[in-house]
Amino acid sequence: MALRPDLAIIADAVPMASRVLDVGCGDGELMVALRGKGVDARGLEIDPANVTAAIARGQSVVQGDANHDLADYPDDAFDYAILSQTLQTTERPDRVVSELLRIAPRAFVSFPNFAHWRVRLALLWGGRMPVTRSIPIAWYETPNIHHVTVSDFRDLVRAKGIKVERVWHLSGDKPTSDAAASWRAEHAIFLIARS
Amino acid sequence: MASLLHDIQHHSVTIAAPLPLDSGQVLPAVTIAYQSYGVLNADKSNAVLICHALTGDQYVASDHPATGKPGWWARMVGPGKPIDTDSYHVICANVLGSCMGTSGPASPDAATGAPLGMAFPVITIADMVRAQAMLLDHLGISRLHAVVGGSMGGMQTLAWAATYPERLASALVIASAARHSAQNIAFHEVGRQAIMADPDWQDGQYYGSARAPTKGLAVARMAAHITYLSEEGLTEKFGRRLQARNIKSFGFDADFQVESYLRHQGLAFTDRFDANAYLYITRAMDYFDLADPHDGRLAGAFAKAKDVRFTLVSFDTDWLYPTSESRRVVQALQSVGAAASFVELSAPFGHDSFLLDVPALDRLVAGALGTGF
């Protein structure tokens, strides 16, 4: 099965033989993909069925919550922390980002861009919280409690003195140019680092 | 009957080397009864040690010689099972202090030949593990593919990782803890007092007599059995239903099904277990606290175990060894950078879930061992 596009980009960008923590690792598909690169990947996942599936695939995954359980990892335990499609579901995204860069000097963070033109149109013309391809669940049942845009995230990391080393933007499954990414990107993947 | 129990022949080896114990005493030689399944490969790299629980034994996947019932983990161990004996050489040894052929309180005194009884030294979980290591030395197995255990077996597994981290690649710890809580100790003390209050116990020297403390041992088992089940499990199984009658007797017969069930469990237990062994093994569990030699820091116990792959599993209805105890171990492992997996599985059977039909556990065990299932 092909990796989700944002995971494929991260899998490609993680250097060989590095130590990685995948926060919100699901059933471990990215970890399995990284195994071929000799990466020592560990996972944290909230859903016990996903944890069971990942362990059954031979992965090292701990059942836990990104909001609280990152505190159990020592400083610099990893080379990279990965938070894919999870930031917008956390209680305090700012604190989670700080935790990621405490346990690893670099982190990949991917999220759906709430400023994509479809989202803007849904609000502008429909007057309703958008339900789109990348944000498919209605406002009352979505786990996304902190919707975030590409510009919002840039503001956050700037305010926290965090360095952006690289950014990828996706429209559908395809990369899209950085120009007008705020409008055109459905998803963004940031590689951030301590400054 | 204890006398019948001690007449059973077990496959065993006597190792004529001293076993120093945590108490400071030394066993001059140790007999270890064990079973093995599957073929040990040429480079002796496929051995899996299974550690049994308090009242378990080495008959993990073969019929019990006293009761004739299938092995206690026959659903997990065998050809094509999650612990696949087509791939692994599985070893299970009766623990030190027990009553199925390994050295314990029913063993004879070297000088007199009479059963030791309470002259057998008090042993610990670490002592059990040292005895297992002596068995593996004897078998020429220097390193294990995995050590696996539930409940007290999980304690031994953790003690293995702490004591001999270089001798195992992975550790699978199910429904267990790195220490015995006040509540755990309290329940064990009830059981021990029940045994020692039985006049037939005779200060532990009942082996030669026609009497054995079966009543005390049965009560101990009844109390313990409650702790192995969940409240919802008991309610679902028995509720307030009456046993073979329509009305209450207004007496002290087993009116309720749950009473009848517990009495049966208690009595049946005495056919296959020795009261003194129950005293010694519960004591070993009560003394267990892996953090104790490290000033209360559990991470200290795993300082040299960072290359061992750990998998811990708890069950949401297990109040005897609750999820919080497994999490405590996971946190200690993460703090030393060991590869640790942990999941809390949902199962209705309480602590006993690790022995029962929980399909998710099967997948986990196979995956943690690297079989895929």
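A residue is buried if 20 or more other C-beta atoms lie within 10 Å of its own, exposed if 12 or fewer, and partly exposed in between, with C-beta atoms placed from the backbone. By that count, 50% of the 373 residues of chain B are buried. This is a predicted model, in which local features need pLDDT of at least 70 and side-chain atom pairs count only at pLDDT 80 or more, while totals for chains, interfaces and linings use all residues. Residues are numbered from 1 along each chain as its sequence is written, and chains are lettered from A and ligands numbered from 1 in the order in which they are written.

**Chain B overall**
- Chain B has 11 helices and 12 strands. These are DSSP runs numbered from the N terminus (helices H or I, at least four residues; strands E, at least two).
- Its C-alpha trace spans about 65 × 50 × 45 Å along the principal axes.
- Two residues are in contact if their C-beta atoms, placed from the backbone, lie within 7 Å. Of the contacts in chain B between residues at least 6 apart in sequence, 70% join residues at least 24 apart.

**The side facing chain A**
- Contacts link 23 residues of chain B to 16 residues of chain A.
- On chain B, the elements giving two or more residues are β11 (309–315), α10 (323–335), β12 (340–345) and α11 (359–369).
- This side of chain B holds 11 nonpolar, nine polar and three charged residues. Nonpolar means Ala, Val, Leu, Ile, Met, Phe, Trp, Tyr, Cys and Pro; charged means Asp, Glu, Lys and Arg; the others, Gly among them, are polar.

**Helix α10(B)**
- Buried residues of α10(B) include B:T323, B:E325, B:V329 and B:L333.
- The buried residues of α10(B) pack against β3 (60–63) of chain A. They also pack against α3 (152–163), α9 (298–301), β11 and β12 of chain B.
- Just after α10(B), B:G337 has a positive phi of about 80°.

**Helices α2(B) and α3(B)**
- The axes of α2(B) (residues 125–139) and α3(B) come within 9 Å and cross at roughly 70°. Axes are lines fitted to C-alpha atoms, for helices over the stretch in contact, and angles run from 0 to 180 degrees between N-to-C directions.
- The two helices are therefore roughly perpendicular. That class covers 65 to 115 degrees; under 35 is roughly parallel, over 145 roughly antiparallel, and the rest oblique.
- α2(B) brings B:I125, B:A126, B:M128 and B:V129 to the contact, and α3(B) brings B:M155, B:Q156, B:A159, B:W160 and B:T163.
- Seven of these contact residues are nonpolar, two are polar and none is charged.
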